[in-house]
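Please read this report alongside the sequence and the coordinates. The topics are fold, interface and confidence.

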Amino acid sequence: MSTIDRQWTTRLRRGVERTITLDKALPDTQPSYVASWIYVFGVATVSALIVVMATGCVLAIFGPQWWHTSTVGHYVNSLHLWGVEVFFFTMVVHLWGKFFMAAWRGRRAVTWMTGAFCFLVSTVTAFTGYVSQSNFDSQWIATQAKDGINSAGVGAIFNVLNLGQMLMWHIVLLPLVLVLLTGVHVAYVRLRGVVPPFAEEAR
Amino acid sequence: MSKKFRPDVDVVEWTGAERPYDLLKEGCYALIAITVLVAGLAALFGSPDDPAVTLKQWSIAAPVDFAQTAFSELNGTSDTATYGAPYNTNSPGQALGPLHIAQLVGVHIPIAAARDFVLAPLEALPANAQLRRALHQWSGASAAQRTTWRAHYGAVAPGMTFSGDSIVTASSASGPVPEFINDLTLMARSGALDEALLTKDSFYTTDFTKGLLFLSNGAYLTDQANAQHLLGSQWGMMNETGTYPGQAWLWLYTFWYQIPPYTTSGNADILVGATMGVLTVGLIFLPFIPGLRSIPRRTRLYRLVWRSHYRREAQGA
């Protein structure tokens, strides 16, 4: 084995080549049992996430005060808000659908767990968005939520009364985690495939 | 020896029929549909933006509530003054069993209520001979003398009124305290206190901790929230101002605040947090929890998803 063959970068590249084939990443067929509207909610969730990220980027470009004073800004904020509402709606339907399909079967537990983590991180991300609105709603939510967060001992690194800190969590740290987790989740969906139906005749 | 088939864990991987599928096309259609849906909802309903409450607004609308809150800061009886970590050491804070987690972590956002909310802002005011004398009198007094002044003012504070552009109480031997409370109220009504609490340490700041803590210690902010159905007893944080949908996904978190023992416990926040922590771990590790992972197979709701598959199987059989 040559030096190049032994490099971790070479082994990683070849491992990715072996694991994520084009057929798995972008399939042109799928099992015939995948024929229900419930399957739409996964891709709908990712689509809503894209809308949320795009509108969030526009809000970030113009700054946190823009949407309070500009009609266009207010509309972009409305897009962001409704994007989040649609995102959670589709994600929760997706989650319940996968639960009742027991979608963790057949070495798919990591797919389930990364999905559950995505839901968890999404709730925290949305929460930091609500306390970063810089209006009455954010004042009230922040002053109420501080007690739960302080009681857990994390008030210093997650001070909901500190707009700058919350905004950084909301537009940098948490989206980074959420996008990475979503990527891993989708990769596992492609690698492991869609869970087959329960084999009823075997019961 | 082959392992026993576990229906809630294992599957018979699919070797049956396949049908044509275009993931990219599905993704594009979904993105277009979701974008149109969101654009429609945003155009139709917009989004709420009730202006933030200021100390100026509060002290003009409810000067007595403001002044009494200011006195509670000076007297060390406000929520913040008696909070404990991460603001001060005046309370052990909430406990999870024997553990006072916040206290163990310590004070990381130090707040001395009397100094930060009352004395320091007053010291920042432009020269005012009467106020200067009052501040000098306070700084030169013993702790016992200050306690006596506060006790005397505390006795007359419940009958406080706002009249003739000043805070009026029955006369009492309260030393400089009436001057402090009156001047701080006037300072707040001018808008200067909002600035003082925000920019005390730096010209550039994004930290509203002190202003929000002061606001939350009074009744005015709560009254506004009550009118907007945002109180904890009104399912609090999952509501939004007006009739907009809020963080509906927090329904379970909010639910615990509606029932005992959480409603009656002084440790409600940490108890709710711990409960949700356990449930979250349960959700994440659900594939490994016997009983819970069998619910889908036992309820058989999956037949709704795969009804055409089972129909085909039945026809084939």
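Predicted model: local features only at pLDDT ≥ 70, side-chain atom pairs only at ≥ 80, totals over all residues.

Residues are numbered from 1 along each chain as its sequence is written, and chains are lettered from A and ligands numbered from 1 in the order in which they are written.

Chain B contains 16 helices and three strands; these are DSSP runs numbered from the N terminus, with helices being H or I of at least four residues and strands being E of at least two. The radius of gyration of chain B is 29 Å, well over the 20 Å that the globule rule gives for 317 residues, so chain B is more spread out than a compact globule. That radius is taken over C-alpha atoms, and the rule is 2.2 Å times the number of residues to the power 0.38. Further values for chain B are tabulated here.

| Property of chain B | Value |
|---|---|
| Box filled by C-alpha atoms, along the principal axes | roughly 100 × 50 × 35 Å |
| Buried residues, of 317 residues | 32% |
| Mean pLDDT | 93 |
| Residues with pLDDT of at least 70 | 99% |

A residue is buried if 20 or more other C-beta atoms, placed from the backbone, lie within 10 Å of its own, exposed if 12 or fewer, and partly exposed in between. The pLDDT is the predictor's confidence in each residue, from 0 to 100.

At the interface, 80 residues of chain A are in contact with 86 residues of chain B, contact meaning C-beta atoms, placed from the backbone, within 7 Å. On the chain A side, α6(A) gives the most, with 15 residues. Strand β1(A) pairs with strand β1 (residues 18–20) of chain B in the antiparallel sense over three bridges; pairing requires at least two DSSP bridges between the strands. Within this pairing, A:Thr29 has B:Pro20 in β1(B) as its bridge partner.

A:Phe62 lies in helix α4 of chain A. This residue is partly exposed, with 13 other C-beta atoms within 10 Å. From A:Phe62 to A:Val177 the separation is 115 residues in sequence and 23 Å in space, C-alpha to C-alpha.

Confidence in chain B is lowest in helix α16 (residues 307–316), at a mean of 88, and highest in helix α3 (residues 63–75), at 98. For the complex, the predictor gives an ipTM of 0.93 and a pTM of 0.93.

Terms used
Contact = placed C-beta atoms within 7 Å.
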